[in-house]
Amino acid sequence: MKNNPSLKGLLVAVVAFIAAFGIYFLFLAKKNYFLVDNPTPNTYYYKINNGSEGIISAGQYVHVDLKQGKNSIKVFDQNKKMLYDSAFEVNKIRGLLNIAHQDYYVNRQYYGYNLKKDSLLLNLDKTIIDGKEYFGGAKGFNKLYTEDFYYNVDEDYDQLIKNIQQVESRSKIFRKQDYLNYYKEYYKF
């Protein structure tokens, strides 16, 4: 075979392309998954879609498999007495099951060039938690299932701003106490 520079260039480009995708999928791609979370001091047992029984101890979260569409869950206390049997709808690729019906907050953090954090906070809604006002417009909920967030309770916000040309935002779900700690640390009022 003759020395063909075009073929060599094509092979180098293909190898570089495969290496770039490999690096992305191994290190940079965000994993999509569902969590069952228990921020309480109690232990719970659960069955999702009449599958095998799962156990979640105090303060834990567990990765679970859910299918798109209708799903069901049965939740039992530490004595295996049924607390409730409920159904929920999965539409997105990540979500959180709040089996203890505790308070969670979805906060939106803004990124971008020349972002004025103080004026932005004043323009957003206020959230009242335990009788105290918090700026930033975090949305509170205590329902069984939510998927209206980008980062789950076990993930942190990006430390690196990827696009500084425009203001963009990412939402993260917090347990109540974790949100209060984050607010105190991030906003430093």
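Biologist: Why is R170 called partly exposed?

Modeller: The relative accessibility of R170 is 28%; buried means under 20% relative accessible area, exposed over 50%, and partly exposed in between (1.4 Å probe, protein chains only). R170 therefore counts as partly exposed. The model is predicted: local features need pLDDT of at least 70, side-chain atom pairs count only at pLDDT 80 or more, and totals for chains, interfaces and linings use all residues. Residues are numbered from 1 along each chain, and side-chain values use heavy atoms, without hydrogens and water.

Biologist: What confidence does the protein chain average?

Modeller: The average pLDDT (the predictor's confidence in each residue, from 0 to 100) is 86, and 88% of the residues score at least 70.

Biologist: Which residues are in contact with R170, neighbours within four places in sequence aside?

Modeller: They are N107, R108, Q109, Y111, Y150, Y151 and Y157, where contact means heavy atoms within 4.5 Å.

Biologist: What makes strand 8 and strand 13 a pair?

Modeller: Strands are DSSP runs of E with at least two residues, numbered from the N terminus, and two of them pair if DSSP finds at least two bridges between them. Strand 8 (residues 104–111) and strand 13 share 8 bridges in the antiparallel sense. R170 lies in strand 13, as does S169, which stands opposite Y110.

Biologist: Why do strand 11 and strand 13 stand at the edges?

Modeller: The open sheet has the order 11-8-13. Strand 11 (139–141) and strand 13 (168–175) each have a single partner strand, so one side of each is left without a neighbour in the sheet.

Note on methods: Helix = DSSP H or I, 4+ residues; strand = E, 2+ residues; numbered from the N terminus.
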